[in-house]
Amino acid sequence: MAHSVFHRLLIIPFLFMIRRSLQETEAFLAHKQHPSFAQILRSIADNWRLIAAGMLLVVMTTVSFYLITVYTPTFGKSVLKLTENESLLVTFFVGLSNFIWLPIMASLSDRIGRWPLMLGFSALTMLSAYPALSWLVASPSFARMLTVELWLSFLYASYNGATVVALTEIMPAHVRTVGFSLAYSLATAIFGGFTPLISTALIDASGDKAAPAYWMMLAAACGLLATLALYRQEVRHCWRSRTQAA
């Protein structure tokens, strides 16, 4: 643990160096006066509904991430009774899958829009999370765990590739940084960070080893509802266009 904390601290000077070399956006430079702390707090209060919706948008992202990365070694070893090496190897392949799919799906969202991906993959997560985990726990094996975790990784990366950019785009320029930070931090603190604990509690309470899927499905429902709320005009327009075309 001490080595892990030490390694994380080493990156701080590097982050400061990167931040100092970054250019400010044109929207920021266009402001002749920059807001005071009190004005920032007022902006947060004025935009709390948008920040709350953004938080719900990120719930799917952060819960999925913690479930397929942080909780995977524990789930594999303690619940599925696989070896520690097998569980860690699955975690490695999940990280590799995330690395591959995130930029691909982010690029796709640039072409077709953010909300189709967020809407489609949050819905797909709701429909497939429990069947996938049920199939895994019915006959646990390294191959099945790898297959299911890679599927969940694909769902996570496909949703998150669009969501991170969408969260930035929906925030007004004058509250963008603090709005993005609050939405992401609250989602992680309230939902994502508790994923291992809640997953274990769900299994203990229900006796169902696939119960963590319920938590993921709830997170996906939050993402689905937030997407519909934030992009309702675009969704309606798309629905009307297809209805008229038919």
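Modeller: Glu84 counts as partly exposed, at 47% relative accessibility; the classes are buried for under 20% relative accessible area, exposed for over 50% and partly exposed in between, with a 1.4 Å probe and protein chains only. The model is a predicted one, in which local features need pLDDT of at least 70 and side-chain atom pairs count only at pLDDT 80 or more, while totals for chains, interfaces and linings use all residues. Residues are numbered from 1 along each chain as its sequence is written, and side-chain values use heavy atoms, with hydrogens and water left out.

The partner of Glu84 is Lys77, and their side chains form a salt bridge at 3.8 Å, N to O; the term requires a side-chain nitrogen of Lys or Arg within 4 Å of a carboxyl oxygen of Asp or Glu. Lys77 is likewise partly exposed, at 45%. Side chains of opposite charge can pair when their charged atoms come close.

By this rule the count is 3 salt bridges. Asp110 and Arg114 meet at 2.7 Å, N to O. Here Asp110 is exposed, with a relative accessible area of 56%, whereas Arg114 is buried at 12%. Arg114 also forms a salt bridge with Glu169, with 2.9 Å between the closest N and O atoms. This pair links distant parts of the chain, 55 residues apart: Arg114 belongs to helix α7 (residues 114–138) and Glu169 to helix α8 (residues 142–170). Helices are DSSP runs of H or I with at least four residues, numbered from the N terminus. Glu169 is partly exposed, at 44% relative accessibility. Through shared partners, the salt bridges join Asp110, Arg114 and Glu169 into one network.

Conventions: Helix = DSSP H or I, 4+ residues; strand = E, 2+ residues; numbered from the N terminus.
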